Amino acid sequence: MFGSSTPSLDPTLTTYDPAANEKQIGEKQKTASSDASSDEAPHFNEAQTKKLLLKLDRNIVPFLSLLYLLSFLDRTNIGNARLAGLEKDLGMKKLDYNVALAVFFPWYVAAEVPSNMMMKRTRPSLWLTIIMVAWGVVMTLMGVVTSYTGLLIARMALGIAEGGLFPGVTFYITMWYRRHECGYRMALFFSAATLAGAFGGLLARGISEMDGIGGKPGWAWIFILEGILTLGVAICAYWVINDYPETAKFLTAEEKLEVARRLKADRTSLADEFHMKYFMDALKDWKIYVHMLITIGIYTPLYSFSLFLPTIVAGIGYKNNEAQLMTVPPYVAACAATIFGGWIADRTQQRGIYMIGFCLLSITGFAMLISTADPHIQYAGTFLAAMGIYPNVPMGVAWNGNNIGGSTKRGIGIAMHVGFGNLGGAIAAFTYRAVEKPHYRSGHGTLLGTTFMSMCLCIFMTLYLRRENKRRDAQAAELNLRPEDYTEEMKTLERERGDNATFFRYTV
């Protein structure tokens, strides 16, 4: 099944002749090593590189994290609005709330791949600003809806507007950092989602006290004020976001060259131009589809947790306002786990083994929720579930992105990955049904099952990628050639092959 999609070393691509005598091979290898060392020799020493990375981090990661915090806050604040009387005021019954959650996700998913293509064709500062303004306007207008139909329309529009942010930003990060530096930055960026959960509970608790002001209920003010906050940040986004390293105003000329050199050495000179050929390459890569299945197994509990944690905590026995506040500690723990997971994965240059471990942690949490009625054990279970789910979101995107060769294919592959995963949000909308409160056992069981599926697929991918790297190493060794021995000319001959290039090695 997989043999046809995994390349073998082709001497016509590498300019090596397997029948050449030892002297010829030795001379070529010596030349290749010399060329590679001159091309990839560090221009900055360790201290200078550390200083450069800190400079990138200060100017890129905080604002991206703020964008995602607002995005996640705006899509999940409906859970807080529910506790503030949304259902009663709009006459919602039975599964109406679940449907209102679900309609967001098909539109969200549909927007992701086209959005990444547009960002590639335009520029990040322009496209991300357009996205922010759109969802800020929709979020604000959601606060003036007076019917259930109006709420559904607003949720669908919000899905279209927000759809491009997460895949766009994750792709954007790969344009600044080397492969084994992306995971930690994506973890920092995604930790904003956990902060959104914590901040959202506190914010909703305070805003709901505005009930009656201007003739509007408290839940309406949650939507309006959080939408206005998004618009305020959007005004700044166009000038704050730097498009590419070569145009970054905060980098010196020498630093721009160093960033470009580091990326070129790390990405092994693979094609970066936009072409529909690379779009088709992404569609034909089976590994991306495995990652899509891993992702939906993780995103289903992610959205279930973020949309229903206030409801779950209320079901454990806490009252509405108290439940808003009790949602904060699990998110704080998840934030710490997410940052730690990204750091350790980058440090060891491995991802699969850590994703497996976090899946196990999450499974343990859901098992605690499903197996007992003791509120203390159940509340502890929410901590473990959150600490297992959230780290795997940025780690999974980084793992898939690390293993896709070529800029355009990587952008499409990340959008496919995130897009399909977000269909888990539609599943999540029906995971916890009001008729099952307060225990929600089938909901907890469903999430335990999807997480177990993702864990099994992570085990499969880890084993496969290790085997494939060993296979490529063995074939290269037959030619007395290592990936670092390739000259720039040799790499150029394979620049359009992406991760099928003979010198490409997968992150495991």
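Is serine 191 buried or exposed? Serine 191 counts as buried, because its relative accessibility is 5%, below the 20% under which a residue is called buried. The remarks below concern a predicted model.

1. Overall composition. The secondary structure consists of 22 helices and zero strands. The protein has 508 residues, of which 58% count as buried. The accessible surface amounts to about 20000 Å², and carbon and sulfur atoms supply 64% of that area. Among contacts with a separation of 6 or more, 83% are made by residues 24 or more positions apart.

2. Serine 191. This residue is placed in helix α10. When neighbours within four places in sequence are left aside, serine 191 is in contact with Cys335, Thr338 and Ile339.

3. Arginine 185. Helix α10, which covers residues 179-207, also holds arginine 185. Arginine 185 counts as buried because its relative accessibility is 9%. Beyond its neighbours within four places in sequence, arginine 185 is in contact with Leu53, Asp57, Val61, Ile173 and Tyr177.

4. Packing of α6 against α9. Helix α6 (residues 104-121) and helix α9 (residues 165-174) have axes that come within 8 Å and cross at roughly 35°. The crossing of α6 and α9 is right-handed. On the side of α6, the contact is made by Tyr108, Glu112, Asn116, Met119 and Lys120, and on the side of α9 by Phe166, Pro167, Gly168, Phe171 and Tyr172.

5. Aromatic pairs. How many aromatic pairs does a search of the whole structure find? The search returns 26 aromatic pairs. One of them joins tryptophan 286 and tyrosine 464 in an edge-to-face arrangement, with 4.9 Å centre to centre and 70° between the planes. This pair links distant parts of the chain, since tryptophan 286 is in helix α14 (residues 286-316) and tyrosine 464 is in helix α21 (residues 441-478), 178 residues apart. Tryptophan 286 and tyrosine 464 are both buried.

6. Why is the pair of phenylalanine 305 and tyrosine 390 edge-to-face? The ring centres are 6.4 Å apart and the planes stand at 75°, so the pair falls in that class; the angle required is over 60 degrees. Phenylalanine 305 lies in helix α14 and tyrosine 390 in helix α18 (residues 375-402), so the pair ties together parts of the chain that are 85 residues apart in sequence. Phenylalanine 305 is buried because its relative accessible area is 2%, and tyrosine 390 is buried because its value is 0%.

7. Surroundings of phenylalanine 308. Phenylalanine 308 is also placed in helix α14, and it counts as buried because its relative accessibility is 1%. Its contacts, leaving aside neighbours within four places in sequence, are Arg82, Tyr97, Asn98, Leu101, Tyr303, Ala428, Ala429 and Tyr432. Arginine 82 is 226 residues from phenylalanine 308 along the chain, yet their C-alpha atoms are separated by 9.9 Å. Two of the contact residues, Arg82 and Tyr97, also interact with each other: arginine 82 lies over the face of tyrosine 97, at 4.0 Å from the ring centre.

8. Which ring does the charged end of arginine 179 sit over? The charged end of arginine 179 sits over the ring of phenylalanine 504, 4.9 Å from its centre.

9. Positive phi at lysine 94. Phi of lysine 94 is near 50°, a positive value in a residue other than glycine. Lysine 94 is in the loop between α4 (86-89) and α5 (96-102). Lysine 94 is exposed because its relative accessible area is 80%.

10. Positive phi at glutamine 349. Glutamine 349 has a positive phi of about 55°, although it is not a glycine. Its place is in the loop between α16 (328-348) and α17 (352-371). Glutamine 349 counts as partly exposed because its relative accessibility is 44%.

Methods: Residues numbered from 1 in each chain as written. Predicted model: local features only at pLDDT ≥ 70, side-chain atom pairs only at ≥ 80, totals over all residues. Heavy atoms only, no water. Helix = DSSP H or I, 4+ residues; strand = E, 2+ residues; numbered from the N terminus. Buried < 20%, exposed > 50% of the residue type's maximum accessible area, 1.4 Å probe, protein only. Contact = heavy atoms within 4.5 Å. Phe/Tyr/Trp six-rings, centres within 6.5 Å; stacked < 30°, edge-to-face > 60°. Lys NZ or Arg CZ within 6 Å of the ring centre and 35° of its normal. Areas by Shrake-Rupley, 256 points an atom, 1.4 Å probe, with all protein chains shown as cover. Axes fitted to C-alpha atoms, helices over the stretch in contact; angles between N-to-C directions. Left-handed = near helix turned anticlockwise from the far one by under 90°.
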